[in-house]
Amino acid sequence: MKRSVTSWYTTTANMALWGIYAHIPFCPYKCSYCDFDSGVYPAPLQQTYLVALREEIARARTADLAVDTIYFGGGTPSLLDPESLWEILQTIYQSFAVSPDVEITIEANPGTITAEKARAFCALGVNRVSLGAQTFSESELRVLGRQHTVDQIGESVALLRDAGLENMNLDLIIGIPSQTLASWERTMDRVFSMRPTHISVYMLEIHEGTPLAAHVARGCVKEPDDMLTVQMYERFLERAEAEGYEHYEISNFCQPGFACRHNLKYWSDEPYLGFGCSAHSYDHRERWWNVATPHAYVEAMRERGDAVAGRIVMTERRRIEDALMLGLRRRQGVNLRAFRERYGVDVLDLYGDQLTSLGEAGLIEIGGGQLRLTRRGLVLANEVFAVFV
């Protein structure tokens, strides 16, 4: 029986609140730009993978770990049948102290949602969906190797809402070869007309070894125009603000009260456990990650009972660097007083010269006790982060 929210928080008052990430690498096809650990796998491997995933979760079992976010990423987790999703969730509930108001997110692709599946996910406690729309241009979807259609985006949104799932993110990509400001305006028109509670906007990265990289190298598609991509991003900032969305992280926008609680853990130096191939974990003392492929993951779990591929010890300096870089991703930036109290260092003393240079370049600003990226700094964030490495 689930506890009341008040009872759960009273019982876990002295515990850190963890997030759980479960990686589902299965896809119906491989997108041309994707370099994630995901792909099309035969049914027998999928089944043995899910067994190994539940085993890894069960082996981490501890009553002293309180969980208030669960995130199913991929891949295409919406390919899971409801029974498989329930088995994973049941293992999580049996292994940890899960909050009654836990945020449970599942990533989904348009075209993989049916009315029955949407209702089933809702019944299992899924209360947030991240839908990989990417663009509302059919030609741009083809460039990305996406096999869903623009109409299927709207159909999936309608099915999820009919099932009672209102908390929904739409993923969008800018910098797609052949994308124009006019086509981006049309995509924004469609997105804002749907009024999702959350929107993520990512700049396309072309990774070596992907089909898209090969297409660009052969001249089959144009290389993305960086200046145009920046213009698209800045235009989205204007539209999102006018539409009443809060810009709370470099790539993320939400209606008030709908920030992704799970992702906020990554940017706020909070602990999380990752399960499945390529999943990462963090407990303030270490960062560790699993082997990359489903085959290697299943084999590692079978042979040694864990799938850890590597670890990094979090020295005091490394934790400070990571906390600054991740904290600056948030639009509110880093509270200098709170940072000093938590980590025992004064950021202005530790990085005074570097911060002065960044300020003179118009990339950061300090005011009201906050260190944050400027509008210019948002698009040149990697240059800022490099200072802290």
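# Questions about a predicted model

Colleague: Which residue in strand 5 is the bridge partner of L131?

Modeller: The partner of L131 in strand 5 is L170. This is a predicted model, in which local features need pLDDT of at least 70 and side-chain atom pairs count only at pLDDT 80 or more, while totals for chains, interfaces and linings use all residues. Residues are numbered from 1 along each chain as its sequence is written, and side-chain values use heavy atoms, with hydrogens and water left out.

Colleague: How do you know that strand 4 and strand 5 are joined, and in which sense do they run, parallel or antiparallel?

Modeller: Strands are DSSP runs of E with at least two residues, helices are runs of H or I with at least four, and both are numbered from the N terminus. Two strands pair if DSSP finds at least two bridges between them; strand 4 and strand 5 have four bridges and run parallel, so they meet that definition. On to strand 6 (residues 198-203), strand 5 has six bridges, again in the parallel sense, and here L170 has I199 as its bridge partner.

Colleague: Why is strand 5 described as largely enclosed by the rest of the structure?

Modeller: A residue is buried if its relative accessible area is under 20%, exposed if it is over 50%, and partly exposed in between, with a 1.4 Å probe and protein chains only. Seven of the seven residues of strand 5 are buried, so the strand is largely enclosed. M168, L170, L172 and I174 point one way, N169, D171 and I173 point the other way, and all of them are buried.

Colleague: Why are the buried residues of helix 6 said to line one face?

Modeller: Those residues are V150, I153, S156, V157 and L160. Seen down the axis of helix 6, they fall within an arc of 120°, so they line one face; the arc is that of the directions from the helix axis to the C-beta atoms. On the other side, D151 and D162 are exposed. The buried residues pack, by contact of heavy atoms within 4.5 Å, against several elements, including helix 4 (115-123), helix 5 (138-143) and strand 5 (168-174).

Colleague: Why is the pair of Y272 and Y282 called tilted?

Modeller: Rings of Phe, Tyr and Trp (its six-membered ring) pair if their centres lie within 6.5 Å, and planes under 30 degrees apart count as stacked, over 60 as edge-to-face and the rest as tilted. The structure holds 13 aromatic pairs. In the pair of Y272 and Y282, the centres are 6.0 Å apart and the planes stand at 45°, so the pair is tilted. Y272 lies in strand 9 (residues 272-275) and Y282 in strand 10, so the pair ties together parts that are ten residues apart in sequence. Both Y272 and Y282 are buried.

Colleague: What is the nonpolar core with 95 residues, and which residues have the most contacts inside it?

Modeller: A nonpolar core is a set of buried Ala, Val, Leu, Ile, Met, Phe, Trp, Tyr and Cys residues joined through side-chain atoms within 4.5 Å. The largest core here has 95 residues, and F72, F96 and F236 have the most contacts inside it. Not counting residues up to four places away in sequence, F236 touches a set of residues, among them L172, W184 and I199. A second, separate core of twelve residues includes C34, L144, I173 and V216. Ring pairs also link F236 into a cluster with W184, F192, Y245 and F253.
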